[in-house]
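Here is my note on the model, point by point. Please read it with the structure open.

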Amino acid sequence: MLTRTAAATLCALALAAARAHAQQGPGSQGIRIKDGEECPAGTTEIRPRLCQAPELPPPSIVDYRPRSTLVTAEHPVPRAKYPAIDFHGHPRGSWLESQDSLGWLGSALDAINVRVMVVANDVTGDALRREVAGVRASPAMKDRVRILAGIDFRNVGPGWAKKAIEQLDADVAAGAVGVGEISKDLGLSIMKADGTRLRIDDPALDPVWAECARLRIPVFIHTADPEEFWQPIDYHNERWLELALFPRRRYPPGEFPSFEELMTERDNMLRRNPKTTFVIAHMGWHANDLARLGKLLDAMPNVYTEVGAVLYDIGRQPRAAHDFFVRYQDRILFGKDSFQPEEYPYYWRVFETRDDYFDYYRPYHAFWKLYGIDLPDEVLKKVYYRNALRITPGLPGDRAP
Ligand SMILES: [Zn+2]
């Protein structure tokens, strides 16, 4: 029998031999790199520090669609386990004014077990009134759709807040149950009356946030975009495909405030208005850094978050996401964003199962697969509807514990 040291020596010798072989042997037509270097474009690391180009022409990333050979338990979830409230609904506004379309919306929502849709289309005034009237005229849908009011942030200057508050009061009197979705244009591109960029934490907006607190309505706000949208569009960018597809999602330096500037402004605004309830959309674009989002939620009890369009980040870290959802179960709301009924079941499957390695619905968001985070029933109920009901007095639903 070999002693431990002898075995270790043999092992080290074998390693050295293997390394020598790799350097002189059959791979020698490859390209050698140093520690920490990357293989040149068009090649891949086939052995440590040895790169080789494939013999066949490699497919582009849009054409490479490998079939998974993983055989494992699959539990598709076509309907949510508990009737959900979609806090981030974007149905077409015109659907709400037509009884036929509302009927279609109702059956689409039934099929996925969404009980109430919160319409976050940033509408105000007459458009809002028409939509509320359409919903109220539908016996089947009058308790299944609620509408958020929009705020016009253009030309903030003297007298703006007073007008905005009057409009908000009128919209709430007409039936709006909250504010939103405030678009990312706030911070990115909206200008003040004096021609400067309107910062998210501009004190001129504070009276409006205070009015939301007085009215006891939540403010649903989308700030910035995924941080990769500010990064160079190179082959290290996780969102290369999305940025290549959608030019308007590119934020080249110098033309826009940076991601961190926008986060700082948003957080200043949230902190300075502790009596106002805010729901930060898309997990505040911190779903890829849950510790950061946790810190924000710890520091600001008036802030809630929503999961729309960031399922790719939740589902790629099933253990961390499970723990996060359990820890912040009172602070997370379900929301979907873009209304595609066939996409909701991906959310249910991530939240409700422990399935491994399944497809996501939108390849340009993520080239990876998802895993279920297996939330306990009590957490599911809070995320699906209880938290939304608690912070939004105008939502219909059973508030019994
Ligand atoms: Zn939205």
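The points below cover the basis of the model, the metal site and the cysteines.

1. This is a predicted model: local features need pLDDT of at least 70, side-chain atom pairs count only at pLDDT 80 or more, and totals for chains, interfaces and linings use all residues. Residues are numbered from 1 along each chain as its sequence is written, and side-chain values use heavy atoms, with hydrogens and water left out.

2. His88 (NE2), His90 (NE2) and Glu181 (OE) coordinate the zinc ion, at 1.8 to 2.1 Å. Donors are N, O and S atoms within 2.8 Å of the metal (3.2 Å for Na, K and Ca); water is not among the atoms, so sites may look incomplete. Along the chain, the zinc donors are spaced H-x1-H-x90-E. Histidine 90 sits in strand 4 (residues 84-90) and glutamate 181 in strand 7 (residues 179-182), so the pair ties together parts 91 residues apart in sequence. Strands (E, at least two residues) are DSSP runs, numbered from the N terminus.

3. How accessible is glutamate 181? Glutamate 181 is buried, at 8% relative accessible area. Histidine 90 is partly exposed, at 24%. Buried means under 20% relative accessible area, exposed over 50%, partly exposed in between (1.4 Å probe, protein chains only).

4. The structure has one disulfide, a pair of cysteine sulfur atoms within 2.5 Å. Cysteine 39 is joined to cysteine 51, S to S 2.0 Å. The torsion about their S-S bond is about -80°, so the disulfide is left-handed. Cysteine 39 lies in the loop between strand 1 (31-32) and strand 2 (44-47), and cysteine 51 in strand 3 (residues 50-52).

5. Cysteine 39 is buried at 18% relative accessible area. Cysteine 51 is buried at 0%. Cysteine 212 is also buried, at 0%.

Key. Helices (H or I, at least four residues) and strands (E, at least two) are DSSP runs, numbered from the N terminus.
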